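This report concerns a pocket and a set of salt bridges in a protein model. Please consult the sequence and structure shown here.

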Amino acid sequence: MIDYQAIVDGIRNVLTFSETSAPGTLHQLAEQYAGACEELNGRLRSCSFALRQGNITEAVRLAEMEPNLLDVYTILDFPERDEWVEAVSTLALAVPPPLPVEYARELNDAYRAQNVLEPHLKRFRLAVLARASLSERLTLLREIARVEPQNIAWQRDQESLERVRLEELDSEIRDAIQTNHLTTLHTLRDELTQHWIVPPPSHLLEQVELVLRSNRLQLVTEEMRRCGGQLVQAHLEFDHGKSLVIYEKLQRLQSQYKFPVPDDVVQATRGAVEWLQEENRRKKNRLAYRAAHDAVIKALKSDTMPAELRRMAYHLDIAARDAEATVPEELARAVANEITMWELQRRRRTRLVTLVVIVTCLAVIGLVSLFVYSYSQFRKTREIIATLERLKEEASPPAIRGYLAGRETDLAASNSEQVAALLASLREIVASDDRRIERLDAKCRQFSDLLDGDGINSPAMYARLEGQLKDVERLTETEDDRRTLETLRGRFLQKSRDYVAGQDENLNAKIQEVQLQITAINDHRELPNAEVLDRYVKLLRELEATGNTYPNASAITRERCRNMINLLREQINRLESNETEP
């Protein structure tokens, strides 16, 4: 067996100059370490292949074979490995291959998954050794398949056991039905409703359910008859509480099992049920009367309005009649007194309000006559302010220019501070629009100069022209601006079509060239896989570079390029997987 630790220790001694080594010793260490790394990579690839097949147990078994794979990986992946690779490369000695870190991580994850699976496997092995029943073994096997669903071996084992178990179930169900063994039937029903890969025949579950339902119907019917007798007895004893409990139990049985109450129970308990309903109605009426009584007392203490107090007193009378009770005379008198007091206070408030209204009207008449002249002047100013505010809110520069033409001097001479402020705001809106028009004209001239100058000759120029067009669009507001924008957009589209056509032509030519080269490679079947893989990789890089060179090609051409790239990647992945298979 190879002593990996001794090889690594020798390499460390050489790197730290703790020992002087002859050239032959260096060559031997390089050969041994490179061979150990090759062997490690081969074992890791075998484990990875098993993992990709979904067989975690097999991957762990291969890794546990002496020497332990992860232990070897830990030894060979020593901290000074990069320094050693650089040294042997300089001395033209055997260079070790890179260690596949991803394979090691996958194997490490497989160990963790195996730790979760191991307790289930242990119980299953014990069940097999103890010759447990097929039902128990199937339950354990289903747990294993649920923990490791990607391993189809467990599903195949489960399917085999299920086929054998289905042959036993038919006879077990017949025996349980003949002996009326309900516990066994319940167990068999639970087993039939589990997850089966091979679906059990539907008639098996139907037979079990039919027997269990028939037995349940018999038991529930007997319980209903027993409850009916207890209800009749409680009625004879006039025990309302006991009768209500039994009646609710009878209702729960009917609601839970969806079985009808037998006719003889309905006939026997009719009188008791009617008595219960009548007692419940009386109890409900007494509770309603008590609630209405308490509500009226609370209303008297909280100064409730007369209309609401009358309504509550009316409902109290109705509740008292339904409950066969009498409203206390003191309470009725208190309600009447409260309503009378409210009426007196309402009349006093009405007279006071009338007097205040008359005085107020006289004062208003005097004030109106005093401010008639001032109001006419104020109204004119308000109309001007309203117009200016509307123009400010609309913020339409053409409308503002039209209104201010011929009026701006008079408005500037106004003594109103509000008019002056609004006029300043409107002037600022017009000035801002003038600045926008200047920027728009500058952008349009700049766009036209770019388009008429070099035209669209590169992706950068295409993106720059698109940005210029978006700037013009952001500054567009009026119909004239939009017509100018559409003219510029039409010119841009005409130029861009020629540019995109050129991009399509170049990219299609490259795609055609790659297709011809792929056909030529496929025709040379004698080429080794490594050379075919190199050629495919070279074609992929060339096609990706060409696609990046022509980013403004049409969507159809770019989609064709992506399809060709995906085809090359699939071929490369297939060739690489063929090389990595053991």
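The model is predicted, so local features need pLDDT of at least 70 and side-chain atom pairs count only at pLDDT 80 or more, while totals for chains, interfaces and linings use all residues. Residues are numbered from 1 along each chain as its sequence is written, and side-chain values use heavy atoms, with hydrogens and water left out.

The structure holds 16 salt bridges (a side-chain nitrogen of Lys or Arg within 4 Å of a carboxyl oxygen of Asp or Glu). Three of them are tabulated below.

| Salt bridge | Closest N to O |
|---|---|
| Lys510 and Glu513 | 3.8 Å |

Lys510 is buried, at 15% relative accessible area (buried means under 20%, exposed over 50%, partly exposed in between, with a 1.4 Å probe and protein chains only). Its pairing with Glu542 links distant parts of the chain, with Glu542 in helix α22 (residues 529-549) and Lys510 in helix α21, 32 residues apart. Glu542 is partly exposed at 25%. Lys510 and Glu513 lie three residues apart in helix α21 (residues 479-523), about one helical turn; Glu513 is partly exposed at 36%. Helices are DSSP runs (H or I, at least four residues), numbered from the N terminus.

The largest pocket contains about 220 Å³ of space. Its lining comprises 11 residues, with Lys380, Ile384, Asp410, Leu411 and Ser414 nearest the centre. A pocket is an open set of points on a 1 Å grid over the protein atoms alone, where a 1.4 Å probe fits, with protein on both sides within 12 Å along at least five of seven lines; lining residues have an atom within 4 Å of a point. The volume is the space filled by probe spheres set on the points. Helix α16 gives the most to the lining, with four residues.

Note on methods: Helix = DSSP H or I, 4+ residues; strand = E, 2+ residues; numbered from the N terminus.
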